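Subject: Model for your files

Dear colleague,

Here is the structure I said I would pass on. Please look it over before reading the notes below it.

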Amino acid sequence: MSAAAAPARTSPVERGGIPVAGPRERAGDRLFRLTVTGFAGVILLAAFALAWQLTRGSLQTWKAFGFSFLTRTVWDPVSNDFGALPFLYGTVVSSLIALLIAVPLGVGSAVFLAELAPRRVSDAVSFAVELLAAVPSVILGLMGIFVLVPAVRACEPFLSKWLGFLPLFRGAPYGIGLLSAGLILALMILPYITSIAREVLLTVPRPLKEGMYALGATRWEMVRSVSLPYARSGIVGAAFLALGRALGETMAVTMVIGNTPQISASLFNPAYSMASVIANELAEAAGDKHLSALIAIGLVLFGVTIVVNGAARLLIYKTEGRK
Amino acid sequence: MKRNLLAVLAAATLAAPAFAQVATLTGAGATFPFPVYSKWFDEYHKVKPDLQINYQSIGSGGGIRQLTEKTVDFGASDGPMTDEQIQKAGGAVLHLPTVLGADVPAFNVEGVSELKLDGPTLAGIFLGTIAKWNDPALVKLNPGAKLPDAAITVVHRSDGSGTTYCFTDYLSKVSKEWATKVGKGTSVNWPVGLGGKGNEGVMGLVKQNPNSIGYVELIYAMQNGVPYAAVKNKAGKFLKASVEGVTAAAAGVKMPKDYRVSITDASGPKAYPISTFTWLLVYPKNPDAKGEQIKAFLRWMLKDGQRMAPALGYAPLPAVVKAKVAKTVETIQ
Amino acid sequence: MNDAAYARRKRVNALMLGLTAVCAALSAGVLFAILGYIAWKGASSLSLSFLTNLPKPVGESGGGIANSIVGSAKVVGLAGLMGIPVGVLAGVYLTEYGKGSRFAFLVRYAADVMNGVPSIVIGLFAYALVVMPLKRFSALSGSVALALIMIPIVLRNTEEFLRLVPGTIREAALALGIPRWKVVLFVILPTAGRGIMTGALLALSRVAGETAPLVFTAFGNRFWNQGWLNPIATLPLTLYNDAISPYEDWHRQAWAAALILMMFVLAINLTARLWLRPSAPAH
């Protein structure tokens, strides 16, 4: 950092775009800045250390299969033949379903809580929704088995009757499968989206809102043209935070996804997610090759998260640029 | 405000009473014997209050790995360690059998409360070659049962486990096709079926899906009242799993010196074919006084511990094996 | 003004707002259903002895989860002590000093990525970091794993809310000649305080229920927990082990433990709400 050159400057030193008072940075400020930078650096360090650990642990697999590991569909611990594609598919599809359900539901709830409900009701209901985030994954998983899966099993015949023209809704009604996994994930990420969206919607400046009313807009029109656009980057951020949670969710998904490494178009069929296979087989991973393959899946998940977040960054960057 | 909360928390935890330092042993491994092991360690703590033996079930593979890493004092596994694994652990690990268990084929078919199966048909079901309940092979074994014309929903374990190892070991012995196509292991590439997590998961799936079949440990089937099939043993008798049947399977097998033996498909008229030992894994040489502590516990286990097993659904060791194990225990340092 | 068009707009308005009410009702409804289910299944096994006893062997009644309760409090507490400051201060860095710098971009990115890593992998990481060097399972390693999970959540949240603090406040304070670090600590942070605390508490509640990362770190313990460098019992682990056991008695204990865990979490959230209310800025 260029702070060492500071004493020679005559113009104010800038940090983060805001000029620090005076031609030199005060000692207290400098200490503070270095401290917070250090803490931020810890996170970066941790991420790199994790990536390095994952790479080191999975080297055997990459040597054995190369990049084709990502496109192979077999998973055989006995003959040490592994491929990650079914798990990628399961993770991505179940997370997508979760987002498709949770974002509209969450944003809708947030609009209600921020705009419509009287303050007390809003606080109480948003408190209730936030509690949902605190329900441990393991409990949700157990409830998934006892409550959600039978319910889904009962609904699947109807879905295949009415929507069966889509390959998404065909097949035997096992109950467990991609649909149940997506639903339970939606349940888990809903609170994040709702609470963050609500907080962000609450910060929309009143003058902006009142301006719309002055123009004769209905409440919904105001929400649609002022509140939501203003809150958009916050909501997108919330969605990606939620997506991050969905991608890595282990216990609850493991109990309802069916744990079958296959790729099929139907949402009724059992599938397998990356986090689930790691959770299921890690403790018992027989040989080193098996362990290495599991760590490789962990690395792939890590990679997927990096890509997804890259896309998020771009999106937020674009919407922010427009503000 | 935030600072206050943090200060209170810090004070509370630091002020937590410092307990008199009791000696502790840590062990990790198989989930299957967890109930009986936890009973033993709790009872032994009453006998020896100054020793706490803390056992956690993280899986057989986990137990083996932690023992190798020396983060625990002893391990436990449903499947014996391979030579390669023993090499990694320093070349010598004692396998001490403790109790026996069995896998049962639990099923859920309406109108059918008793089912007879044999090795090849069981393999066929799990391979997917026998796909319907009224397949001729099944009808032949169960002439009186009203088997429906419905597809069989197979349920297996999704997590690696000794239960799977035992089951696939048996299938590999009775079906060449299984041995070549799938093989045996704690995790295998199942040709068909849904994967449930843990015995609970498999039980749940079998209970909820009509016309399904899955394999679970005997205790789970017993405790949950789920019907399970009788399996034909090597001597030709159809047996439902029981504590006696499992002990008989162990008695009928020639025990090697290191106790690493598979007792599936054992000979003997009373032997239940899908049985397995479970072992405690101990280093022959241990640091500090741990060797003595482990030895003392094992002696207690062979006498008093064994008596507690049947009540919990585990088969005790046959007398012949017990005597041999007692001798090996004395060699621990 | 076209009356018909206006009437239509009013109808759309009513419909859309009605839908949002349905969304909110559904979300809250689901939570109550879940809480109700846990209470229904767990309440019958709750008793004072359950809360104060140690686990008993199979077949004996009267086992309890006292060590798990204390253990969870210890592990989560330490995790918060480690994770919240890191998350908040890193968030301060990102909003106050890091705008536009590549380092800040990387930090933000790294945090988002860490957020998506399955908790079991984080547990493995903590295993390699703490358990292996120490050659023992410990409460400390469990806390490290949980802190690693908390940090990205707290960071993202802190950043979001610090960013919402109007620049005018910052500039006014600086104009008064207050040193930068005092501006951040005593003006900006308190203003965003409510949002930050909500996020920190969501994070605490979330890790209080984590099972997977604790399997290979905190390990679990059937006896009283000793200090910080020994295996320790935690509620979610005990819950999970009991739930997957074959015994009906232990199942009931699992649900009772689940109820306790939920109450634990409810307590954290309620405390936050009550404490922070007086300082909440008027909206």
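Predicted model: local features only at pLDDT ≥ 70, side-chain atom pairs only at ≥ 80, totals over all residues.

Residues are numbered from 1 along each chain as its sequence is written, and chains are lettered from A and ligands numbered from 1 in the order in which they are written.

Chain B

Chain B has 13 helices and 11 strands (DSSP runs numbered from the N terminus, helices being H or I of at least four residues and strands E of at least two). Its radius of gyration, 22 Å, is close to the 20 Å that the globule rule gives for 333 residues, so chain B is as compact as a globular protein of that length (the radius is taken over C-alpha atoms, and the rule is 2.2 Å times the number of residues to the power 0.38). The C-alpha trace of chain B spans about 70 × 60 × 35 Å along its principal axes. Of the 333 residues in chain B, 52% are buried (20 or more other C-beta atoms within 10 Å of the residue's own, with C-beta atoms placed from the backbone).

Towards chain A, 24 residues of chain B are in contact with 24 residues of chain A (contact meaning C-beta atoms, placed from the backbone, within 7 Å). On the chain B side, α3 (60-69), β7 (194-196) and α9 (198-208) each supply at least two residues. That side divides into four nonpolar, 17 polar and three charged residues (Ala, Val, Leu, Ile, Met, Phe, Trp, Tyr, Cys and Pro count as nonpolar, Asp, Glu, Lys and Arg as charged, and the others, Gly among them, as polar).

Chain C

The domain assignment gives chain C a domain 1 (3-43) and a domain 2 (50-275) (bounds from an automatic or database assignment). Their centres, taken over C-alpha atoms, are 31 Å apart. The contact takes six residues from domain 1 of chain C and five from domain 2 of chain C.

Nonpolar core

The largest nonpolar core has 287 residues, and I184(A), I189(A) and A90(C) are among those with the most contacts inside it (a core is a set of buried Ala, Val, Leu, Ile, Met, Phe, Trp, Tyr and Cys residues joined through C-beta atoms within 7 Å). Helix α5 (residues 178-202) of chain A gives the most to this core, 17 residues.

Regards

Key:
Contact = placed C-beta atoms within 7 Å. Buried ≥ 20, exposed ≤ 12 C-beta atoms within 10 Å, placed from the backbone.
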